[in-house]
Amino acid sequence: FFWLLAHIMDTLRGLNYVRKAKNSLFNFTDEAGKLQIAPIVRIYMYCVCGLLILLGLFALIEQHWFVGIASIVCPFIIILLELAWLVPSVEIAMRFFYENYLWRAIVYLILAIPSFFTFETILGAVLVVIGAVAYGLCFVKGEEPQLADDTQSNNTETLPPPGSSWFSDSEN
């Protein structure tokens with residue numbers, strides 16, 4: 001019975017993490033209820049990076065080796081930068097980069113440059129530039145990124161030892 005209860009609690013913890021991730025990803029308003037552009041741009045960048053990866057594969061098929069590889073690697077870098085909110089310790093370590101949207105706009109513009117050199121990937125590069133300009137607009141508009149708190153990294157919650165659960169047989 002306790003084994004089943006422990007697995008149910010682990011499942012609930014996992015579902016709670018998924019709920020937090022969904023709320024963080026699809027939160028389009030700030031504390032005042034004002035619509036923010038940045039979460040929409042984040043979802044846009046995920047889609048554009050997927051398209052650019054496919055176009056990079058097409059460029060590799062067409063024998064454009066450098067641009068094809070660069071058009072696959074650069075979107076992966078963008079996706080990893082956008083997904084840093086999943087790992088709060090990384091987000092805290094890179095706080096200088098995430099504290100305003102201007103840095104993201106500049107980095108994404110630089111990462112889009114190699115994709116402009118072939119016809120196969122130019123559409124993806126233009127779409128990444130549009131996303132970078134949208135992040136620049138977020139900076140001009142004065143939007144503030146919602147970063148993880150430093151207190152989350154110093155959490156002193158007691159975790160069970162590996163291989164055990166929160167419920168042990170000694171509670172009988």
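**View 1. Val128 lies in helix H7.** Helices here (H or I, at least four residues) and strands (E, at least two) are DSSP runs, numbered from the N terminus. You are looking at a predicted model, in which local features need pLDDT of at least 70, side-chain atom pairs count only at pLDDT 80 or more, and totals for chains, interfaces and linings use all residues. Residues are numbered from 1 along each chain as its sequence is written, and side-chain values use heavy atoms, with hydrogens and water left out. With a relative accessible area of 1%, Val128 is buried; the cut-offs are under 20% for buried, over 50% for exposed and anything in between for partly exposed (1.4 Å probe, protein chains only). Setting aside neighbours within four places in sequence, Val128 is in contact with Met45, Val48, Leu52, Ile78, Tyr108 and Ala112, where contact means heavy atoms within 4.5 Å. Val128 and Cys49 are 79 residues apart in sequence, yet their C-alpha atoms are 7.5 Å apart in space.

**View 2. The whole chain has eight helices and zero strands.** Follow the sequence and you read the pattern α-α-α-α-α-α-α-α. Of the 172 residues in the chain, 33% are buried. Among contacts with a separation of 6 or more, 67% join residues 24 or more positions apart.

**View 3. Helix H3 covers residues 65-82.** How far apart are the end C-alpha atoms of H3? They are 26 Å apart, which agrees with the 26 Å that its 18 residues should span at 1.5 Å a residue; the expected span is 1.5 Å times one less than the number of residues. Val67, Gly68, Ala70, Ser71, Ile72, Cys74, Pro75, Ile78, Ile79, Leu81 and Glu82 are the buried residues of H3. As background, an α-helix has 3.6 residues a turn, so residues three or four places apart point the same way. The cover over the buried residues of H3 includes helix H2 (38-61), helix H5 (95-98), helix H6 (101-112) and helix H7 (122-141).

**View 4. Arg42, Glu82 and Arg104 are linked in a network of salt bridges.** A salt bridge is a side-chain nitrogen of Lys or Arg within 4 Å of a carboxyl oxygen of Asp or Glu, and by this rule the count comes to three. In one of them, Arg42 pairs with Glu82, with the closest N and O atoms 3.5 Å apart. Arg42 sits in helix H2 and Glu82 in helix H3, so this pair ties together parts that are 40 residues apart in sequence. Arg42 and Glu82 are both buried. Glu82 also forms a salt bridge with Arg104, and here the closest N and O atoms are 3.7 Å apart. Since Arg104 belongs to helix H6 and Glu82 to helix H3, the pair ties together parts that are 22 residues apart in sequence. Arg104, like Glu82, is buried.

**View 5. One cavity of 30 Å³ or more is found in the structure.** Rolling a probe the size of a water molecule over the atoms shows where empty space is left. In grid terms, a cavity is a set of points, on a 1 Å grid over the protein atoms alone, where a 1.4 Å probe fits but cannot get out, and lining residues have an atom within 4 Å of a point. Points are joined across faces, edges and corners, and a volume is the space filled by probe spheres set on the points. The largest cavity has a volume of about 30 Å³. Which residues line the largest cavity? They are Arg42, Leu81, Glu82, Ala84, Trp85, Glu91, Tyr98 and Arg104. By class, this lining has four nonpolar, no polar and four charged residues; Ala, Val, Leu, Ile, Met, Phe, Trp, Tyr, Cys and Pro count as nonpolar, Asp, Glu, Lys and Arg as charged, and the others, Gly among them, as polar.

**View 6. Gln63 lies in the loop between H2 and H3.** Just after H2, Gln63 takes a positive phi of about 70°. For context, most residues other than glycine have a negative phi. Gln63 is exposed, with a relative accessible area of 51%. H2 itself has 24 residues that should span 34 Å at 1.5 Å a residue, and its end C-alpha atoms agree at 34 Å apart.

**View 7. Lys141 and Glu143 meet through their side chains in a salt bridge (3.4 Å, N to O).** Lys141 counts as partly exposed at 38% relative accessibility, whereas Glu143 counts as buried at 9%. Gln146 is found in the loop between H7 and helix H8 (150-153), and counts as partly exposed at 44% relative accessibility.

How values were computed. 1 Å grid on protein atoms, 1.4 Å probe; cavity = no way out; pocket = protein on both sides within 12 Å on 5 of 7 lines; lining within 4 Å.
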